[in-house]
Amino acid sequence: MSLPTPDRLRTATLAQAAAAAQRPAALPQDLRIGHLHLGLGAFHRAHQALYTEAVIAGGDHRWGICAVALRNPALVQALQAQDGLYSVTERHGEQRRSRIVGAIARTLHAPSQPQAVLDALRDPAITVVTLTVTEKGYGQQPATGTLDETDPDIAHDLRQPRTPRSTLGVLAEGLRLRRPDAPLSLLSCDNMAGNGRTLRRLLLQYAEAVDPALARHIDALAACPDSMVDRIVPAATEATRAEAAAAIGLDDAAALVCEPYTQWVIEDDFRAPRPAWERAGALLVPDVRPYQTLKLRMLNGSHSAIAYLGQLAGLPTVADVMADARLGPWVRALMHEELRTSLQAPAGFDAAAYGDALLHRFENPALQHRTAQIASDGTQKVPVRWLGALRDHLAAGRPAPRLEAALAAWLHYLVCPHDARGAALQRTDPGAAPLQAALRAAATPEAQVAAALAHGAVFGPDDWPAGLRQRLAAALQRLAAGGLGALLTPQAPGA
Ligand code: CS2
């Protein structure tokens, strides 16, 4: 016998929510809108939206969020059917805590409501715009950090800047319409080094190409602080919805399950009023970059290694990789012996404890964080997460065998038809096609390595040392001949 489906989460049904679920302090309909978000997805709703929710709970009702979905309308429809309400369940193992969030006061779907998005950007009541548009959403060449004018959306917008499709194009056009005496702050929350600086540079480069006067206008109008965001938020599935129904007693088509941990470090460089996120635990600092480097290398760097090894091994989740007798200890060694040692932690920061805490977070069996999700967009992620660390080790003459093995695993993954269990690998990386073609065209492991390292959009200047080339070729050879087991078996020096 199946249980009856509970009522849908809405303002009218909120009173029926399970007593243990925390209720929003204010309803979406009672908020003014002051915070615009581009990139309505799981991460925003479990991260920035909760910091804004806490500010609203403190009594400041100016900061209702207008959240814009850039592609898929499904979430907009789900949230609209729920009057903007959704639930977040934090889990570690068997511990769980659910809350219903009311900070999203309005939702928009950019492709079908382009004018409404531009109107929001010109609205002087909106003084802060957060972005989670993914690394590839900035239209940049990942290795060089310059505007990628071959990106189809950027190319379109440069031709037709009044009807933009790309994030940069939408921002530039919205800001063009904005009064010069209504400054605002654009706060990138994507996993990139110097994300605010990057956004500013690309936006000005784009605007300059459209009209130099527009670039000057934007330069005077917008601050672009850097920020480091951290919380593991797996993409929601049907299981998430069932879990939320059990936890809150209502059916929530926009439910999320994430870890309890959350962190937000923000450069204190705003040009206009903003929510007092520090009241919710955000750290406002003069320079975010040391925190970004730590997080990108240690958390995201090991995450990407887990993702490619996990995908090749046929292990679907991060927790599966951590529990694997061969891969779990390998990840631990990568974290402590190669990622942590690649950087100088800020004075007083205990990087060893940080690394242990990250490994504990990865082990969380409740999250079901899929290796396939993290494996996506490697051409954007690998340069930021691994290549800086690898270059630093090479320059200092320190060996980094695990980082090199991870790099070989990624190259192998890009062209390998199936995992160790025979299942077809499903790859998602729109920027990978030229690299994959070059890898496939190469006849030997040496030629594959040469083709990869010459791919400047990912690997930057092709000045990689001969020793690295030999080691990567040997690793590809081992992978092809003996799979992951052969890759991870320690090699005698010089072998
Ligand atoms: C992950 C990140 O999908 C990925 O690439 O590495 O989303 C990661 O979960 C977050 O950055 C954690 O803060």
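Q: Which residue stands opposite Leu-38 in β6?
A: In this predicted model, strand β1, which covers residues 33-38, is joined to β6 by four bridges, and the two strands run parallel. Within β6, the residue that stands opposite Leu-38 is Leu-131.

Q: Which residue of β2 is the bridge partner of Leu-38?
A: Strand β1 also pairs with strand β2, residues 64-69, in the parallel sense and over five bridges. Strand β1 is mostly covered, with five of its six residues buried. In β2, the bridge partner of Leu-38 is Val-68.

Q: Which strands stand at the edges of the open sheet of six strands?
A: The pairing in this sheet is parallel, and the order of its strands is β5-β2-β1-β6-β7-β8. A strand with a single partner has one side left without a neighbour in the sheet, and this applies to the two edge strands, β5 (104-109) and β8 (222-223).

Q: Which residue in β8 stands opposite Ser-185?
A: Strand β7, residues 184-188, is joined to β8 by two bridges, and these strands run parallel. Opposite Ser-185, on the β8 side, stands Ala-223.

Q: At about what angle to β5 does helix α3 run?
A: Helix α3, made of residues 74-81, lies across β2 and β5. Taken against β5, the direction of helix α3 is at about 145°.

Q: How far apart are the end C-alpha atoms of helix α13?
A: Helix α13 has 13 residues, 351-363, and at 1.5 Å a residue it should span 18 Å. The distance between its end C-alpha atoms agrees with this expectation, as they are apart by 18 Å.

Q: What arc do the buried residues of α13 cover around the axis?
A: The buried residues in α13 are Gly-355, Leu-358, Arg-361 and Phe-362. They lie on the same side of α13 because the arc they cover around the axis is only 120°.

Q: Which exposed residues does the face of α13 turned away from its buried side carry?
A: What covers the buried residues of α13 includes α10, α11 (318-323) and α12 (327-339). The face turned away from the buried side carries the exposed residues Ala-352, Ala-353 and His-360.

Q: What distance separates the C-alpha atoms of Pro-365 and Glu-94?
A: Pro-365 has its place in the loop between α13 and α14, and with 15 C-beta neighbours inside 10 Å it counts as partly exposed. Not counting residues up to four places away in sequence, Pro-365 touches Gly-93 and Ala-319. Although Pro-365 and Glu-94 are 271 residues apart along the chain, their C-alpha atoms are separated by 8.9 Å.

Q: Is Asp-377 buried or exposed?
A: Asp-377 is found in the loop between α14 (371-375) and α15 (378-396), and it has a positive phi of about 55° although it is not a glycine. Most residues other than glycine have a negative phi. A residue is buried if 20 or more other C-beta atoms lie within 10 Å of its own, and because Asp-377 has 20 within that distance, it is buried.

Q: How many C-beta neighbours inside 10 Å does Thr-134 have?
A: Thr-134, in the loop between β6 (128-131) and α5 (152-159), has a positive phi of about 70° although it is not a glycine. Thr-134 counts as partly exposed, because its number of C-beta neighbours inside 10 Å is 19.

Q: Which residue in β11 stands opposite Met-228?
A: An open sheet of three strands has the order β9-β11-β12 and mixed pairing, with β9 (227-230) and β12 (283-285) as its edge strands. Its twist averages 15° from one strand to the next. Four bridges join β9 to strand β11, residues 263-267, and the two run antiparallel. In β11, the residue opposite Met-228 is Val-265.

Terms used: Residues numbered from 1 in each chain as written. Predicted model: local features only at pLDDT ≥ 70, side-chain atom pairs only at ≥ 80, totals over all residues. Expected span 1.5 Å × (residues − 1). Buried ≥ 20, exposed ≤ 12 C-beta atoms within 10 Å, placed from the backbone. Arc of directions from axis to C-beta. Contact = placed C-beta atoms within 7 Å. Pairing = 2+ DSSP bridges. Axes fitted to C-alpha atoms, helices over the stretch in contact; angles between N-to-C directions.
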